[in-house]
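Hi,

Here is the structure I said I'd pass on.

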Amino acid sequence: MGNQVLNQFRSDKTLRDECVAIYEAMGMDLNTAFRMFMERTKMVRGLPFPAVLPESRITRAEAKAALDGLREEAANLPEMTLEEINAEISAARAERKAKK
């Protein structure tokens with residue numbers, strides 16, 4: 001390793017703690033993970049994962065219209081008792097189990 005430098009940045013504590021736990025489960029520390037990220041960045045000459053914008057974007061009006069449609073659809077559904085709901089769930093589980 002050549003000359004070493006200190007890299008510092010701020011991050012959300014919860015995010016950092018969750019990442020530290022993941023890396024520790026993989027047998028490495030956060031510093032090693034960041035060095036790997038930097039090495040891979042150098043190898044691919046860019047971000048080491050896909051970073052692209054979605055092909056299409058939904059507008060706020062389209063999102064609201066979709067939610068309103070779902071609300072209308074849900075409002076027209078018949079009421080079910082807890083027993084009926086549980087019976088449907090049991091039937092779906094039995095069907096899924098039979099397919100395996």
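**Salt bridges, rings and overall shape**

Lys 64 has a relative accessible area of 52%, so it counts as exposed (buried is under 20%, exposed over 50%, partly exposed in between, with a 1.4 Å probe and protein chains only). Before the rest, some ground rules: this is a predicted model, where local features need pLDDT of at least 70 and side-chain atom pairs count only at pLDDT 80 or more, while totals for chains, interfaces and linings use all residues. Residues are numbered from 1 along each chain as its sequence is written, and side-chain values use heavy atoms, with hydrogens and water left out.

Back to Lys 64: its partner in a salt bridge is Asp 68, with the closest N and O atoms 2.9 Å apart. The term stands for a side-chain nitrogen of Lys or Arg within 4 Å of a carboxyl oxygen of Asp or Glu. Both residues sit in helix α3, 4 residues apart, about one turn of the helix. Asp 68 is partly exposed, at 27% relative accessible area.

How many salt bridges does the count come to? The count is 6. Among them is Lys 42 with Glu 39, at 3.6 Å from N to O. These two are 3 residues apart in helix α2, so about one helical turn separates them. Lys 42 is exposed at 58%, and Glu 39 is partly exposed at 45%.

In helix α4, Lys 99 and Glu 95 are 4 residues apart, about one turn, and they form a salt bridge with the closest N and O atoms 3.7 Å apart. Lys 99 is exposed at 67%, whereas Glu 95 is partly exposed at 48%. There is also a network, in which salt bridges that share partners join Lys 13, Arg 16 and Asp 17.

Now the rings. The whole structure has 2 aromatic pairs (Phe, Tyr and Trp rings, the six-membered one for Trp, with centres within 6.5 Å; planes under 30 degrees apart are stacked, over 60 edge-to-face, the rest tilted). Phe 9 and Phe 34 make an edge-to-face pair, 5.4 Å centre to centre with 80° between the planes. That pair links distant parts of the chain, with Phe 9 in the segment before α1 (13–25) and Phe 34 in helix α2, 25 residues apart. Phe 9 is exposed at 55%, and Phe 34 is partly exposed at 34%. Phe 37 and Phe 49 have ring centres 6.4 Å apart and planes at 40°, so that pair is tilted. Phe 37 is in helix α2 and Phe 49 in the loop between α2 and α3, so the pair ties together parts 12 residues apart in sequence.

As for the fold, the chain has 4 helices and 0 strands (DSSP runs numbered from the N terminus: H or I of at least four residues for helices, E of at least two for strands). The radius of gyration is 25 Å, well over the 13 Å that the globule rule gives for 100 residues, so the chain is more spread out than a compact globule. That radius is taken over C-alpha atoms, and the rule is 2.2 Å times the number of residues to the power 0.38. Of the 100 residues, 4% count as buried.

Cheers
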